[in-house]
Amino acid sequence: LEPAFGFQALKNTLQATLAGVPVIAQPQLWDLQGESYGKADLLIRDDSRASDLGPYHYYPVEVKRSKSLRDYHVLQTASYNRMMARIQGYTPERLTVALPDGEEKVFYSEAEKQLNENLSKWKDLRDGRWIPEPGRPPDVTDSPWREYGKKLVETNKNLVLLAGLGARERGKLRQAGIDRLDQLWNLSLEETRNILGEAHGTAAYYVAQAYKTNGPIAKPGTVLSIPRAKRHLYFDFETSDEVHPTEPPHVYLIGCWDAERDQFVKFLARGAGDEGRIFTEFLDYVGEVETTCLYHWTDFEIRQMMIVMQHWPALKGSLQAMISSCVDLKPLIQSAVYLPVPSFSIKCVAPALGFHWRQKAFGAFESMVCYWDYLDSKEKGEINKAVLYNEDDCVAMWHI
């Protein structure tokens, strides 16, 4: 079938409904009164009730790959249902979404209120009555707009750049006439506290000043204390998730920056069955955990090691001993300094202190795709990109 678009597709769809075609694929539906249109997956003829079309009516079916029914599946189907209802003069009450494991049915009346609210919100967005907040950098929005969104947020000095402030606090600032981060630069600590309260006001004031001076500011009355030992290793895991069709989730890459030897070492698996080997080799490399500090960022690595213990029980004792020597750098630094960052993600903290990843717009997901190509032996060189990304993650911690 050659799918048509626009008015021709609408014409084709209406002709098919008038002819009583049993199933219509990719129907184009317009609702000029409701200012919306769309291309559904299927229209199914149903002879149980008549409509303006004849002794039958149509109901839409959306086909999704998701394992479970989502709200947006229901709303999308409901919107097509409403469009078709206005065309045929009859509203089907049951909504149908086809999932891999079978059909899900929902009542249209249960979705109608939420559909109205969402359509109203989209019209407010279109007409400029509602301007949504962007996400916090580095994940301002989805690819391929992430870098553009990040630059836009930084250029506009958006309030989401203030670490430690939620939507409620940003709303209070806007009510006080403060729409940009740089408007806080001329407010005193006391004035900022009057708007946001002592805790949030203090955070907003000092983070804003950190942006103004483009550098860290020590929190009053605190000392940055990072545990030290004979050896200092900065390590980071890369994982493959459940999306892969044949390989179960597993850690496929362990990277480690050895501060004393000034070198990066890696332990690379080839499939889930190889996970135990790379952890054994990593444990051998670490050696005496009692005289070593193993630095990581957030508790992600700790949680992964707990999972690895379940997969490889023989490594449980060694991994538990290694965990006892692990140091999460994020809470230590977050508790002692204010930084010009929107969050304490390592992707925000390291650039604020002068470190930059060598590959632009490359992250954990891109790294995982490179690994999948490596598993399929299609692109052997692609795994080097994943290793380089992991090395930069490790060095970023050392730099911080």
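The chain contains 14 helices and 14 strands, where helices (H or I, at least four residues) and strands (E, at least two) are DSSP runs numbered from the N terminus. The model is a predicted one, in which local features need pLDDT of at least 70 and side-chain atom pairs count only at pLDDT 80 or more, whereas totals for chains, interfaces and linings use all residues. Residues are numbered from 1 along each chain as its sequence is written, and side-chain values use heavy atoms, with hydrogens and water left out.

The radius of gyration of the chain, taken over C-alpha atoms, is 28 Å, while a compact globule of 400 residues would have a value near 21 Å; the globule rule is 2.2 Å times the number of residues to the power 0.38. Along the principal axes, the C-alpha atoms fill a box of roughly 85 × 60 × 35 Å.

Of the 400 residues, 45% are buried, that is, under 20% relative accessible area with a 1.4 Å probe and protein chains only.

Apart from neighbours within four places in sequence, Met322 is in contact (heavy atoms within 4.5 Å) with Phe282, Leu283, Val286, Val289, Leu294 and Met305.

Note on methods. Buried < 20%, exposed > 50% of the residue type's maximum accessible area, 1.4 Å probe, protein only.
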